[in-house]
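User: I would like to learn how to read a sheet and a ligand site in a model. Please take me through one.

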Amino acid sequence: MEDAQFTPSNCNTQPWDVHIVSGNIKDELSRKILEANRNGQHTADFSFDTKDYYARYSERQIEQAIAYQQAMGIDRNDREGRMRVVNLNYEFFHAPHVAFLFMPSFGDNVRVAADIGMYGQSFLLALAARGLGGVPQTSLGFFANQVRESLDISEDMKLLFGISFGYPDEDFPGALMRVGRDSVNK
Ligand SMILES: Cc1cc2nc3c(=O)[nH]c(=O)nc-3n(C[C@H](O)[C@H](O)[C@H](O)COP(=O)(O)O)c2cc1C
């Protein structure tokens, strides 16, 4: 966190408000989120819909989803298996810690979200530099009210995403997914 604190931000506003949860409180929060998800109680502060993707963006999203399901050994028609894989998000991938990245709301929030994205990448690289690993998760942002309530966080702070982290489990099948990137010279 001390490394990530050096993240650049618009006008050095440092808008990140980071809460790290571990142990029993994390397990309790996981149960709460899993239940909210079962009951369709989504309380996202910011919209997210893969249907908004188009053309090459949509193709990449589908390619990634297929690669992940394959790595996890789930058939596309296996609804239950797919749900189990989605739920791993809400079990924080069995990581020992999860960081929730909150932010204040300024204007249309785009510039603030850019700062938080920068912070997230700094945090991930700081983890990697120490042999740790993290998974950034927009899906945790779908339960902003539940997280705020559990951690007693003010309504003014908005949840952009979370990062589950710990020492990586190289045997986790999802870790075998390799989606790659387009060439720089495409
Ligand atoms: C802001 C952000 C949010 C993400 N949200 C999720 C998520 O909710 N669940 C998940 O499994 N992966 C999530 N990812 C991971 C991406 O799916 C992943 O980075 C992408 O598929 C490329 O895979 P790679 O980073 O392993 O190469 C997220 C990544 C970012 C940057």
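The sheet

Analyst: Four strands make up an open sheet, ordered β1-β2-β4-β3, with antiparallel pairing. Strands (E, at least two residues) and helices (H or I, at least four) are DSSP runs numbered from the N terminus, and two strands pair if DSSP finds at least two bridges between them. This is a predicted model, in which local features need pLDDT of at least 70, side-chain atom pairs count only at pLDDT 80 or more, and totals for chains, interfaces and linings use all residues. Residues are numbered from 1 along each chain as its sequence is written, and side-chain values use heavy atoms, with hydrogens and water left out.

User: How many bridges join β3 to β4?

Analyst: Strands of a sheet pair through backbone hydrogen bonds, either parallel or antiparallel. Here β3 and β4 (residues 158-166) run antiparallel and are joined by five bridges. Gly-133 stands opposite Gly-166 in β4.

User: Which strands does helix α1 touch?

Analyst: Contact means heavy atoms within 4.5 Å. Angles run from 0 to 180 degrees between N-to-C directions, with axes as lines fitted to C-alpha atoms, for helices over the stretch in contact. Helix α1 (residues 23-38) packs on the sheet and touches β1 and β2 (97-103), its direction making about 95° with that of β1. Helix α4 (residues 110-129) lies across β1, β2, β3 and β4, at about 5° to β4.

User: Which residues are around the ligand?

Analyst: A residue is near a molecule if one of its heavy atoms lies within 4 Å of it. The residues around the ligand include Gln-64, Phe-93, Met-177 and Arg-181.
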